[in-house]
Amino acid sequence: MAARGSSFPRQRQVLFFFLFWELCLVGSEFARYSVTEETERGSFVANLAKELGLGVEALAAKRARVVSDDNKQRLLLDFHTGDLLTNEKLDREKLCVSTEPCILYFQILMDNPFQIYRAELRIVDINDHSPTFQDKEMILKIPESTAVGAAFQLQRALDSDAGRNGIQNYTISPNSPFHITIHDSDEGVIYPELVLDKPLDWEEEREFSLILTAFDGGSPPRSGTATVRILVLDINDNAPQFSQELYQTQAPENSPVGLPLVKVSAEDVDSGINAEVSYSFFDASEDIRATFQINPFSGEIVLKALLDYELVKSYKLNIQAVDGGGLSAKCTVLVHVLDINDNSPELIISSLVNEIVENSPETVLAVFRINDRDSGENGKTVCYIQENLPFLLRPSVDNFYILTTEEALDRETRSQYNITITVTDMGTPRLMTQHTITVEVSDVNDNAPAFTQTSYTLFVEENNSPALHIGTISATDSDSGSNAHITYSLLPTQDPQLDLSSLISINADNGQLFALRALDYEALKTFEFLVGATDQGSPALSSQALVRVLVLDANDNVPFVLYPLQNASAPFTELLPRAAEPGYLVTKVVAVDRDSGQNAWLSFQLLKATEPGLFSVWAHNGEVRTSRLLSERDVPKHRLLLVVKDNGDPPRSASVTLHVLLVDGFSQPYLPLPEVVRDPAQDEDALTLYLVIALASVSSLFLLSVLLFVGVRLWKRARTSSLRACSVPEGHFPGHLVDVSGTGTLSQSYQYDVCLMGGSSDTNDFKFLKPIIHADVHAHGSQSNGEEKPIF
């Protein structure tokens, strides 16, 4: 039964352990909750999900969190149930000392959107402390002349509990000439007063020892005791008197230890020992006794410990003056602590984001609170960040600030920001706190690859080796990581006749271009295609550039002789009248070269002749002319060997063989001369025969001239018609090598009739007719004016 009775207080604590909450709107949604002190960690306070009208998932999605004013996490939020729980055992006496009610203020923060719910938690007191007297023994000196009914105030007991659990009653041991009455002060504190029930007689009893008991109002009540020693004194009929009942003084919180604050003074009109006054603290708490010290003889109060305005703003000291006869008087000293700017502002971060994706809309980076423990101007703060940063600092309620982006960020412009939050108070001197937040800007694929050039021109010499590296294209990407990894490719060409895949390949990693096969300048001089550069972002971005490839000519073609044809079955013979003047145009060698530039510049040279010095060839136009007058000693048949050489490096050449037959006139039939040796004795016999033949010949020549004149006229008409039907077959000689205007290797003064001879298409040959000589040239035998241009 005794064990059961001893556990009754603990059971009562369990029975009276309760949690309740109360929600009421004060200003902007101010909620009140309560919890009993000394409850275990994890005790239920309230269900925030239910009270805020949110589901548990929504509460977690909004990143709800609890922030207290003193930045201590005494409460925690269970995201699985939405319950608000205690995070530690809460001791009301430690948190609030004697303040009642004991209230802790906190805030509930939520994101998306950002919201703040202000709330308070009241710590309900339990009776876990017993009353105690600071002095276990109190001594009262009461003159024997004290009248019945006189009251003597005793030192009160102290109880850390509050409200009903605080001191409620006092009792004194029975069967004594005294009883206890309760006196209420203006501060709501009760004091015990000892009341004399019957007169004292020093001669009968000089001393009383009584037990004073203090009871609190708990259930069951707790108690504490002290001994009251009453010394009966001989008559002392004058008590000390203070010069004033209330003393007030001020002291800055940075005052040094030992600083005199105030001096109290009391006088006693008695004489002797009854007039000697001593000073002491009366009913002073441990904090007062630890902070102040009073000189018992002079009444001077000095500072014993440093003051802190943020902890205690003022002190009330009760001073007692007792004379030698035991009479006393009391006064009050109020010490006001003056605040100085000795606390730097505090920055408490509630949420923080250190990385943000570029091009994101306005984003909350940080939520923090500013607190300054000083007061007045010393507690006012100014918060700001650096200028020229794309961020905004917006104030919110209860000194909360929200740091957001001002605009979309571009990683390519800047990938990292160091934001320094500066908080300055308004005190003198001003105190400052700084906190730096580093924000990384992550990359998105918002930049397409950019080529170093909008178009590229590459040169490659024909007849190149396969897989020849002909050039490199390059592109850059301002993004990072895979968003900046570039792959090169050939884009489809719009020219259906250009098989790009057989000509060019590209290295997808570095943009190097290679020629897949040997190129032929005469077949393909230039070609264009597009190259694409694509990054590996999602989605991928790309760009393109134009590549122009110019094939450079090489001297890989020998000159080709158009006239006279060298592949004819029978050599073509040119006729030269013996009466030709020096410089007479015998024929003109016509040649072309499929190369270009200086590789197609042709020059002509006479290497070998039957009669050296009789013929010469013009180096630039291939005209073969006589160098001197013909004589009877010149052989009638001549063979010339010419060389046509281009201007390449190394040069290429072709040989031309010409056959020239000397005739007396164009009417002389072309007959081979017999090569027999005649006997001179027979010449005289034949002379008569020759004269007869000559006479007949002159007559025949006249008739032939008439017929020839008529025939020439008819022939000219037929020739005009045949020239219209003649054409150069396509495919044998490229069009750019045919000089239809008469330029190239042909002189301006001569024209040649070229016609395809009839027959099978497989054996078509060119037939070059005799040159048609202009009248002015034929009459004077002059050369054509101007130097001939070589064929390109």
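These entries record what I looked up in the predicted model shown above.

**Entry 1. Ground rules**

I worked on a predicted model, in which local features need pLDDT of at least 70, side-chain atom pairs count only at pLDDT 80 or more, and totals for chains, interfaces and linings use all residues. Residues are numbered from 1 along each chain as its sequence is written, and side-chain values use heavy atoms, with hydrogens and water left out.

**Entry 2**

I began with strands, which, like helices, are DSSP runs numbered from the N terminus (helices H or I, at least four residues; strands E, at least two). I took two strands as paired if DSSP finds at least two bridges between them. Strands of a sheet pair through backbone hydrogen bonds, either parallel or antiparallel.

I found an open sheet of 4 strands in the order 26-32-31-28, with mixed pairing. Strand 26 (355-357) and strand 28 (381-384) are the edges; each has a single partner strand, so one side of each lacks a neighbour in the sheet. From one strand to the next, the twist averages 25 degrees; such angles run from 0 to 180 degrees between N-to-C directions, with axes as lines fitted to C-alpha atoms, for helices over the stretch in contact.

Strand 28 pairs with strand 31 (residues 416-425) in the antiparallel sense, over 4 bridges. T381 has D425 of strand 31 as its bridge partner.

I also looked up S442, which belongs to strand 32 (residues 432-442). Is S442 buried or exposed? S442 has a relative accessible area of 16% and is therefore buried (buried is under 20% relative accessible area, exposed over 50%, partly exposed in between; 1.4 Å probe, protein chains only). Leaving aside residues up to four places away in sequence, S442 touches E355, I356, V357, E358 and R411 (contact is heavy atoms within 4.5 Å).

**Entry 3. The sheet 9-15-14-11**

I next examined an open sheet of 4 strands in the order 9-15-14-11, again with mixed pairing. Strand 9 (137-143) and strand 11 (167-172) are its edge strands, each pairing on one side only. The twist here averages 25 degrees from one strand to the next. Strand 11 meets strand 14 (residues 207-216) in an antiparallel pairing over 5 bridges. In strand 14, L212 stands opposite I172.

**Entry 4. V45 and L84**

I located V45 in strand 3 (residues 44-47). V45 is buried because its relative accessible area is 1%. I noted that V45 and L84 lie 39 residues apart in sequence but 5.3 Å apart in space, C-alpha to C-alpha.

**Entry 5. Salt bridges**

Side chains of opposite charge can pair when their charged atoms come close. I counted a salt bridge where a side-chain nitrogen of Lys or Arg is within 4 Å of a carboxyl oxygen of Asp or Glu. By this rule I recorded 17 salt bridges.

I looked up E40, whose salt bridge with K89 has its closest N and O atoms 3.3 Å apart. This pair links distant parts of the chain, 49 residues apart: E40 sits in the loop between strand 2 (30-36) and strand 3, and K89 in the loop between strand 6 (83-86) and helix 5 (92-96). E40 is partly exposed at 49% relative accessible area, and K89 is partly exposed at 45%.

R74 and E88 form a salt bridge at 3.3 Å, N to O. R74 is in the loop between strand 4 (65-68) and strand 5 (75-78) and E88 in the loop between strand 6 and helix 5, so the pair ties together parts 14 residues apart in sequence. R74 is buried at 12% relative accessibility, whereas E88 is partly exposed at 32%.

Which parts of the chain do D283 and R156 tie together? Their salt bridge has its closest N and O atoms 3.1 Å apart. D283 lies in the loop between strand 20 (278-281) and helix 6 (286-291) and R156 in the loop between strand 10 (151-153) and strand 11, so the pair ties together parts 127 residues apart in sequence. D283 counts as buried, at 15% relative accessibility. I also noted that R63, R65 and D111 are joined into one network by salt bridges that share partners.
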